[in-house]
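Colleague: Could you take me closely through the contact surface in this model, and then through its surroundings? Please give the cut-offs as you go.

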2 protein chains.
Amino acid sequence: MNLAQKLGYAEDAKLLIIHADDAGLSHSENQATIQALQNGSMNSYSIMMPCPWSYEMCLFAKNNPQFDGGVHLTLTCEWETYKFGPVLPVSEVPSLVDENGHFYRKRLDFKNNAKPDEVKKELIAQVEKAIHLGVQPTHLDAHMYSIGVTPEFFNIYKEVGKIFNLPVFITKEFLEEVRLSDEEYDFEDIVVADKIIIGNFADFEKGEFINHYEKALDNIKPGFNICLLHPAFDEFEMQGITINHPNFGAEWRQLDFDYFTSEACKLKLQENNIQLITWRDIKEIK
Amino acid sequence: MNLAQKLGYAEDAKLLIIHADDAGLSHSENQATIQALQNGSMNSYSIMMPCPWSYEMCLFAKNNPQFDGGVHLTLTCEWETYKFGPVLPVSEVPSLVDENGHFYRKRLDFKNNAKPDEVKKELIAQVEKAIHLGVQPTHLDAHMYSIGVTPEFFNIYKEVGKIFNLPVFITKEFLEEVRLSDEEYDFEDIVVADKIIIGNFADFEKGEFINHYEKALDNIKPGFNICLLHPAFDEFEMQGITINHPNFGAEWRQLDFDYFTSEACKLKLQENNIQLITWRDIKEIK
């Protein structure tokens, strides 16, 4: 039986999770995520525990367990002036941070410096912090997919999933993009997403950002698809956070929010007979 | 010689520092502070090192040492959903935090829980962090004046000033408001501000917030006066941070910004023959 069948759908069902990454990053990201869950087509999200606004999002998660919510395991911070670091004391995970105690901006610096035992204890601490704040996580995923840089780190990611009995977001597509190692990755015994839908910077620059999503939904294939969004409002805070970073910038995030709360998107999902599933569904059949 | 004379002014000069507290709190607070320093009448500020946006403000401080900038020593966090805690690991200063690792919201909880040795090392760490990030602090002051709850903590504040050879902001007016102890405070050998000008919630609610400042500037007395402002923009982030807290809320902060960047304010300072001084001036005559 394939995943669709295990979930009670036809073998060739087009399964889709519409997921908001980066909750907790900012007030804007939190509020856009919450609105998109409540009124839009988005049906899952994950929280970045090292971020300043994670507490606000954990309060929402605690009070709204009906929404699928996971932990967006975070080991890098890509922003120029808005910084965050480990939830553990820097003295316990010195290999994960730069000279100011912040996460590295680049996956390569993470790969070149991070010690596996420190990665493992930081990831565990991030999940434990969410649980302590009342979140009942439904899944784990990974910010910038930094955990995928080597099979060794990737195995820790899967291990942390097992420790907490949570499904982890696995995608070969992203691994090909982020890997900094020639070694083999092991996919045994885990659910692997078939296809990722995510905003595209070339289309963004051409003003065809929404078209990109519409085409992707029109061409969605049977199997396990995940749409990765970063909803936020194009306002002062997000403009500050994403300064000099139009890729996944404030305007991009507003477009994510706009489209995935639109009627056009709801229609598109219906027209294409797309079945929305959640990580909780996957967790339950595991 | 009184302070005015030591600074080269007449004995009865009306000295004033126009100070922005709370830099580092948010992007909005930072950008409003920077604009008010560059274009307004504000001439000093201090950074809250435990806050998420302190890095952005430290970059500004490092690159703009011409502005008077200190460290706003922080031991309490008054907000409902926006949380921060010590710069030291929680395990080193457990008495300063609640069950989630955040600073207490109330001065009373701080007073009832905080251990003096932990207060001291956290305050030192906050100043050291600013220096590490390239700030050359001109002074120290205290968020919510929480350090004033008892003479024992207050002495630590003065001691930290001595360690770094920095003037500390001392005001009997605030001490009377925040003190939670009947013991005597010692003011020997330190510069004490004569009068504080700060926004007033009753006037804010009556729509007379600006009048309050204008009256205060018209009635300013000879001596060492400090105006404590909290400039920020009344936008989404600050509205989120200050939720359910109109006192020092987003609207209040926008009014602080508006008035102290206005021509009306500049004229008022001239008309009243007010001499703007800085903490650096005070540091140099110490």
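Modeller: In the interface, 25 residues of chain A are in contact with 25 residues of chain B, where contact means heavy atoms within 4.5 Å. Together chain A and chain B bury about 2,100 Å², with carbon and sulfur atoms accounting for 69% of it; buried area here is the accessible area (1.4 Å probe) that two parts lose on being put together, summed over both. A:Trp53, A:Tyr55 and A:Phe236 contribute 28% of what chain A buries against chain B, more than any other three residues. This is a predicted model, in which local features need pLDDT of at least 70 and side-chain atom pairs count only at pLDDT 80 or more, while totals for chains, interfaces and linings use all residues. Residues are numbered from 1 along each chain as its sequence is written, chains are lettered from A and ligands numbered from 1 in the order in which they are written, and side-chain values use heavy atoms, with hydrogens and water left out.

One of those three contributors, A:Tyr55, is also among the buried residues of helix 3 of chain A, together with A:Ser54, A:Glu56, A:Met57, A:Cys58, A:Phe60 and A:Ala61. Helices (H or I, at least four residues) and strands (E, at least two) are DSSP runs numbered from the N terminus, and buried means under 20% relative accessible area, exposed over 50%, and partly exposed in between (1.4 Å probe, protein chains only). Helix 3 spans residues 54-63 of chain A, and because seven of its 10 residues are buried, it is largely enclosed by the rest of the structure. Its buried residues pack against strand 1, helix 2 (27-39) and strand 2 (44-47) of chain A.

Strand 1 of chain A, residues 14-23, holds A:Asp22, whose phi is near 70°, a positive value in a residue other than glycine. Most residues other than glycine have a negative phi. With a relative accessibility of 1%, A:Asp22 counts as buried. In chain B, strand 1 (residues 14-23) contains B:Asp22, which has a positive phi of about 70° although it is not a glycine, and which at 2% relative accessibility counts as buried.

Elsewhere in chain A, A:Leu175 sits in helix 7 (residues 172-178) and is buried, with a relative accessible area of 1%. Neighbours within four places in sequence aside, A:Leu175 is in contact with A:Tyr145, A:Gly148, A:Phe154, A:Tyr185 and A:Phe187. Between A:Leu175 and A:Leu133, 42 residues apart along the chain, the C-alpha separation is 31 Å.

As for the chain around these parts, chain A has 13 helices and seven strands, and 59% of its 286 residues count as buried. Of the contacts in chain A with a separation of 6 or more, 73% are between residues 24 or more positions apart. A compact globule of 286 residues would have a radius of gyration near 19 Å, and the 18 Å of chain A agrees with that; the radius is taken over C-alpha atoms, and the globule rule is 2.2 Å times the number of residues to the power 0.38. Along the principal axes, the C-alpha atoms of chain A fill a box of roughly 55 × 45 × 40 Å.
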